[in-house]
Amino acid sequence: MSALYDEIQEVRKRYPPGTRSAVLPALRLAQERYGWLSREAIEEVADALELTPAYCFSVASFYDMFHLEPVGRHTVEVCTNVCCGLLGAQQVLEAFEQELGVAPGETTPDGEITLRAVECLGGCSTPTIVAIDHRYRQSVTPADVPTILEELRNGGD
Amino acid sequence: MAATRVTVADGPALVLAGYEGEPLRSLASYQAAGGYEQLAQARAQDPQQVIGEIIESNLRGRGGAFFPTGRKASFIPTPDKIAKPIYITVNADESEPGTFKDREIMLKVPHRLIEGCLIAAHAIQSRNVYIYIRGEYLAEWESLQGALDEARAAGILGEVDIVIHRGAGAYICGEETALLESLEGKRGQPRSKPPFPAISGVYASPTLINNVESITTIPAVLATGPAEYAKIGAPPDSTGTRLFCLSGNVERPGVYEAPHGITARHLIYDIGGGVPDGRELKAVMMGGSSFPVMTPGDLDTALDANSLGQKGYFIGSGVVTVIDDRSCIVQFALRVAQFYMHESCGKCTPCRVGTRWLVQILRAVENGTAQERDLELLLDVCDRIIGKCLCVLGDSAAMPVASCVTKFREEFRAHLAQGGCPFGGDSTLDHLFAPVDQHAHTPVAQEALS
Ligand SMILES: Cc1cc2nc3c(=O)[nH]c(=O)nc-3n(C[C@H](O)[C@H](O)[C@H](O)COP(=O)(O)O)c2cc1C
Ligand code: SF4
Ligand code: FES
């Protein structure tokens with residue numbers, strides 16, 4: 001059996017037998033491994049949990065963090081809820097659009113970076129919050145955008 | 001990169017006790033600040049007595065609904081009355097726009113949250129605790145998981161097991177029954193009540209659900225003494241301190257632990273340094289984006305549940321977001337409505353359809369293509385949502401919108417009269433992108449549309 005299968009069995013032990021609580025952590029593990037939840041990935045999760053792929057797909061499709069289409073190797077997520085909006089989130093988002101040449105929801109043609117706008121990330125006192133591969137950057141301004149992307153392209157593996 | 005300001009103002013440090021700029025992440029640092037002493041004392045007491053002390057303190061829920069924490073615990077059947085495990089689920093989903101306090105608890109005093117969980121577990125005789133943390137919180141999860149591992153290794157958990165369960169991005173999973181569904185590995189759609197979680201919660205077993213801050217306050221209540229705690233703040237109903245989340249157009253935004261009952265003006269102007277750049281305060285997102293907006297005439301209202309309630313406001317999750325006069329209120333209402341449209345789980349019609357209508361009408365107002373009667377239509381749609389949905393998310397969409405229309409009707413009218421936004425593109429919230437519009441760009445949607 002695959003390494004993912006073993007990891008999922010490990011996670012299942014945290015929850016009472018016979019429950020489906022491991023679905024979210026299992027989908028997360030699959031996404032961490034493959035980058036997104038392809039049909040095959042969902043089937044693998046379903047197999048490991050003894051559930052149907054349709055069930056796992058229905059759960060995955062409910063949650064914003066699960067990607068049901070390919071995404072870039074890196075994700076840039078800009079909060080555009082009101083607290084960040086009041087202090088320039090739109091300008092930050094536009095700076096990323098400009099630098100990357102893509103609209104929110106899209107991936108750069110080289111498959112490197114997906115840009116997304118997201119709802120409040122819980123960092124409202126240091127706007128704008130941008131999550132770079134899920135790490136929060138606080139107080140981001142449009143001027144920071146080129147440096148952030150340069151770091152991401154050079155440093156990130 | 002500025003760090004979040006996390007400070008104690010105007011009163012005792014309770015939730016943040018011992019935190020003076022350095023996070024109390026290690027077990028040793030927390031114990032040096034008196035950590036886990038309250039747990040030891042509580043464990044020496046009869047469980048009922050611990051519940052009694054929480055009731056006496058009149059601690060109330062910090063997650064939004066302000067329900068008395070001790071009373072909620074007292075609804076949980078004792079193990080001799082029910083042949084099922086008893087669960088605690090801690091709500092760390094923190095997704096209400098403007099709320100960023102539970103995160104600071106998990107980063108700064110994670111052990112106090114764990115201590116609170118263990119005291120609550122003793123009080124209701126539970127051995128199973130889940131902490132449901134929003135999926136986006138990575139550093140917060142690492143901090144909490146680290147503290148938990150250390151506490152477990154030190155044998156502090158005893159017979160109690162604490163599992164941190166990570167969500168995957170859905171505001172609705174903060175609603176307590178949606179949280180339970182999500183924890184059970186399902187789509188996060190709210191359940192109808194009754195049965196209430198105290199009787200049939202996770203895995204159809206008795207379940208106590210509390211917010212992170214509520215649970216973290218329990219050790220502070222016991223350390224202070226319930227009678228003393230009940231004198232802090234605005235007794236008898238709004239006792240103790242809370243972590244206010246100050247953000248928006250304000251000089252010194254941050255998390256401030258302060259007693260209930262300070263006024264909004266004091267928090268914004270004295271503690272927060274007021275509105276920058278010589279601008280005027282126009283409105284306050286009070287309690288969270290789910291509630292009616294506060295207008296400047298009410299700034300002297302004390303931030304406690306009763307004083308706010310008398311004026312039609314809510315304390316919510318302690319949010320105070322300052323909106324200055326550079327912002328168009330229609331754009332604000334639109335962006336708030338777009339959030340709820342995006343987050344509606346779709347289970348009931350008034351919310352699923354109503355949130356879309358709100359967005360469409362507000363967009364027409366903003367573009368100047370709406371008519372005067374559309375303002376009545378907006379209020380009518382709100383009216384058909386409020387109180388008619390399965391969970392409170394519907395009301396949460398309608399209340400802020402209705403409050404903007406009624407309190408800022410002249411500004412709405414100006415859009416109609418001028419055929420567009422009077423700010424002419426200069427509002428801070430102009431064309432603010434909403435994730436709900438992003439799905440049009442995804443390959444699946446493009447394929448479906450082409
Ligand atoms: C749409 C919606 C979202 C909510 N989100 C949260 C949340 O993120 N965190 C939270 O503690 N409570 C949230 N609540 C409130 C919970 O349903 C529940 O009242 C709370 O967790 C109970 O804990 P408390 O009594 O300690 O406040 C939300 C409620 C609704 C209707
Ligand atoms: S009110 Fe909205 S979020 Fe709540 S159950 Fe109904 S559709 Fe779902
Ligand atoms: S509004 Fe951007 S983090 Fe809350």
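Colleague: Hi! Which elements do the buried residues of helix 17 of chain B pack against?

Modeller: Hello! They pack against strand 10 (281-286), helix 13 (329-343), helix 14 (349-367), helix 15 (372-385) and helix 16 (393-407), with every one of these elements in chain B. Keep in mind that this is a predicted model.

Colleague: Thanks. Which residues of helix 17 of chain B are the buried ones?

Modeller: Helix 17 covers residues 409-418, and its buried residues are B:Arg409, B:Glu411, B:Phe412, B:His415 and B:Leu416.

Colleague: Let's zoom out. How is chain B split into domains?

Modeller: The domain assignment gives chain B domain 1 (14-230), domain 2 (234-324) and domain 3 (329-449).

Colleague: How many residues do domain 1 and domain 2 of chain B put into their contact?

Modeller: Domain 1 of chain B gives 24 residues and domain 2 of chain B gives 27 residues. Between them, the two domains bury about 1,900 Å², with 56% of that on carbon and sulfur atoms. Their C-alpha centres lie 25 Å apart.

Colleague: How many salt bridges does the rule find across that interface of domain 1 and domain 2 of chain B?

Modeller: The rule finds 1 salt bridge between domain 1 and domain 2 of chain B. Across the domain interface there are also 13 residue pairs in polar contact, both residues being at pLDDT 80 or more. On the side of domain 1 of chain B that touches domain 2, the classes are 11 nonpolar, 7 polar and 6 charged residues.

Colleague: And what does B:Arg60 pair with in a salt bridge?

Modeller: B:Arg60 pairs with B:Asp237, and their closest N and O atoms are 3.2 Å apart.

Colleague: New topic: B:Ser95. Where is it in chain B?

Modeller: You'll find B:Ser95 in the loop between strand 2 (87-92) and helix 5 (102-108) of chain B.

Colleague: Is B:Ser95 buried or exposed?

Modeller: B:Ser95 counts as buried because its relative accessibility is 10%, and the cut-off for buried is under 20%.

Colleague: What is B:Ser95 in contact with, leaving aside neighbours within four places in sequence?

Modeller: With those neighbours set aside, B:Ser95 is in contact with B:Arg134, B:Tyr171 and B:Phe339. The side chain of B:Ser95 also reaches the backbone oxygen of B:Asp93, at 2.6 Å.

Colleague: Now for the other chain. How is chain A divided?

Modeller: Chain A has domain 1 (3-62) and domain 2 (74-153). The C-alpha centres of these two domains of chain A lie 29 Å apart.

Colleague: What area is buried between chain B and chain A?

Modeller: About 4,800 Å² is buried between chain B and chain A, and carbon and sulfur atoms give 56% of it.

Colleague: How many salt bridges does the rule find across the interface of chain B and chain A?

Modeller: It finds 2 salt bridges between chain B and chain A. One salt bridge joins the side chains of A:Arg135 and B:Glu142, at 2.7 Å from N to O.

Colleague: Which element gives the largest share of the side of chain B that touches chain A?

Modeller: That is helix 13 of chain B, with 7 residues. By class, this side of chain B has 35 nonpolar, 25 polar and 12 charged residues.

Methods: Residues numbered from 1 in each chain as written. Chains lettered and ligands numbered in written order. Predicted model: local features only at pLDDT ≥ 70, side-chain atom pairs only at ≥ 80, totals over all residues. Heavy atoms only, no water. Helix = DSSP H or I, 4+ residues; strand = E, 2+ residues; numbered from the N terminus. Buried < 20%, exposed > 50% of the residue type's maximum accessible area, 1.4 Å probe, protein only. Polar contact = N/O pair within 3.5 Å; in protein donor to acceptor, adjacent residues only side chain to side chain. Contact = heavy atoms within 4.5 Å. Domains from an automatic or database assignment. Buried area = accessible area lost by both parts, 1.4 Å probe. Salt bridge = Lys/Arg side-chain N within 4 Å of Asp/Glu carboxyl O. Nonpolar A, V, L, I, M, F, W, Y, C, P; charged D, E, K, R; others polar.
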